[in-house]
Amino acid sequence: MADYKAPLRDMRFVLNEVFDAPALWQSLPALAEVVDAPTAEAILEEAGKITGNTIAPLNRSGDEEGCRWDNGAVTTPAGYPDAYRLYAEGGWVGVGGDPAYGGMGMPKAISAQVEEMMNSASLAFGLYPMLTSGACLSIYAHASEALKQKYLPNMYSGIWAGSMCLTEPHAGTDLGIIRTKAEPQADGSYKVSGTKIFITGGEHDLTENIIHLVLAKLPDAPAGSRGISLFLVPKVMVNDDGSLGARNSLSCGSIEHKMGIQASATCVMNFDGAVGWMVGEPNKGLAAMFTMMNYERLGVGIQGLATGERSYQSAIEYARERVQSRAPTGPVAQDKVADPIIVHPDVRRMLLTMKALNEGGRAFSSYVALQLDVAKFSEDAQARQRAEALVALLTPVAKAFLTDMGLETTVHGQQIFGGHGFIREWGQEQLVRDCRITQIYEGTNGIQALDLLGRKVVGSGGELYRAFADEIRSYCTTAGAELTEFVTPLKAALDNLDELTACVLDSAKRDPNEIGAASVEYLHVFGYTAYAYMWAKMAEAALGKEGEDDFYASKLGTARFYFARLLPRIQSLSASVKAGSESLYLLGAEQF
């Protein structure tokens, strides 16, 4: 596998030239004194160094060794504890955390780039700080000031880690039926009892303490999801002076043996009257947890992008060096017995697909991250409300489309290697295995599609959709004539999505199965259209500069490939949506 090199030039292009993020930061008083373009560049440069030089070399060895469980203790692969210590000492766990509690205070648009680099270097490694950062988000937004003061500084610093404990053996998507209980105690604490499964980083040897956020039900809780509360349950009790005390009444019962992310400990966690404290209000635990999950779902989407980027870097190096057969137009490498496989049309198709999806995904994830920053930091209530609406609409797209395209991209990268792509030593098969989980956890992609179409589009009567569509339409209207080749197909794609949205809104009134039948294909049409908007904006930023720098020429060529070869996928997907739900119910259960 090629050495990982962070795509810093492309990240700077997206932040500075496509979206002018520094101007946005300067317009937000909470960020104006914290970050500017040079600060952002310095942070990304350092993140590129630690991910490329320290984390990436552990990716294959960590996969080969995996985590080990022994009588409740989990040992991570060789090199992980030292690498994690260096990562934590650099302040990277708390890159987006509030400086009042020891965080770096960076906007999401920057931390999103750091997340991409970390997950390209090693998705399994990146899960440990990701879960900690997510837990910090919920604590920061919903916990009491006493809990924040007691736990956030050591979590931001990476001295302590965090986990998110939702799923139970019988309750995955349907969290309303969880059985974990929380019994109130006279001192204001709770005794939490129950079993949670699939807990990423539930136990490990990277930090001295792990702070679990656990969903549980109070004795008098209402039935269903309205009766869920959130509790902070430390692995090791923390004394009033901040020192560590006795071990809490919880344990890791086992770790899962998985398809991928072998170096990430996926744990069964048993809580046996463990002491915990409520985060937020009683029976409002899902709302507190979703503060984390909205950020985490973008983070999981970025994991799909990240594995695709790592696969592309290896594939392009291999395609330039591997010689097989001659080009269809005749020999290119006259001094060799055959030509590099990059001359062959099908290899170019796969490489350009990878490049177009990766770069489109980076722009889209950065766009969503910028909306999160506006929603969090803007002092303009109207701007915050609009950004929040866009985040609500686009989060399921970011999670599902980025990861679906991530798997396609990693498979293309494996395919370019031919038989060598199936062999472990080249690393491409690991990326396919690792990427696969991103379509499943943090809400499966089918659930994301239902969220987009059912809750966000149909549930709002199309209002949330129209806000994003109006932005694209305004862009198309004001774009200059030099952008016609990009804006014309973008406008056609938007018209198609408008029609498709109206079609589903109408059919859903007559048949409750229509939303579920259309949702996945609809999300993909939405995703390709959103990427077309991103590619038009990237082409706009590159136009006129292609003669002075190959980077811009490459950007324009990739944009043209996207519009010519990838955007047309919306036609078949749209036909599937319009076909309705009837054909899904022609067979009885016994006929399958």
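Residues are numbered from 1 along each chain as its sequence is written, and side-chain values use heavy atoms, with hydrogens and water left out. Because the model is predicted, local features need pLDDT of at least 70 and side-chain atom pairs count only at pLDDT 80 or more, while totals for chains, interfaces and linings use all residues.

The structure holds 37 salt bridges, each defined as a side-chain nitrogen of Lys or Arg within 4 Å of a carboxyl oxygen of Asp or Glu. One of them joins glutamate 359 and lysine 555, with an N to O distance of 2.9 Å. Glutamate 359 belongs to helix α11 (residues 345–377) and lysine 555 to helix α18 (residues 550–566), so the pair ties together parts 196 residues apart in sequence; helices (H or I, at least four residues) and strands (E, at least two) are DSSP runs, numbered from the N terminus. Both glutamate 359 and lysine 555 are buried, where buried means under 20% relative accessible area, exposed over 50% and partly exposed in between (1.4 Å probe, protein chains only). These two residues are also members of a salt-bridge network with Asp10, Glu116, Glu309, Lys355 and Arg362.

A salt bridge is also found between glutamate 408 and arginine 569, whose closest N and O atoms are 2.9 Å apart. This pair links distant parts of the chain, 161 residues apart, with glutamate 408 in helix α12 and arginine 569 in helix α19. Glutamate 408 is partly exposed at 21% relative accessibility, as is arginine 569 at 26%. Arginine 12 and glutamate 45 meet at 3.7 Å, N to O.

Aromatic pairs number 25, counted for rings of Phe, Tyr and Trp (its six-membered ring) with centres within 6.5 Å; planes under 30 degrees apart count as stacked, over 60 as edge-to-face and the rest as tilted. The ring centres of tyrosine 151 and tryptophan 160 are 5.9 Å apart and their planes lie at 55 degrees, so this pair is tilted. Tyrosine 151 is buried, at 0% relative accessible area, and tryptophan 160 is buried at 1%. Phenylalanine 401 and tyrosine 531 form an edge-to-face pair, 4.9 Å centre to centre with 85 degrees between the planes. Since phenylalanine 401 is in helix α12 (residues 381–416) and tyrosine 531 in helix α17 (residues 513–542), the pair ties together parts 130 residues apart in sequence. Both of these residues are buried.

Helix α13 (residues 428–436) is largely enclosed by the rest of the structure, because eight of its nine residues are buried. The cover over its buried residues includes α5 (59–65), α8, α10 (285–321) and α12. Within helix α8 (residues 123–142) lies serine 138, which is buried at 0% relative accessibility. Beyond its neighbours within four places in sequence, serine 138 is in contact with residues including Leu213, Val279 and Met292, contact meaning heavy atoms within 4.5 Å.

At the surface, phenylalanine 592 is exposed, with 73% relative accessibility, and is located in the segment after α19 (569–578).
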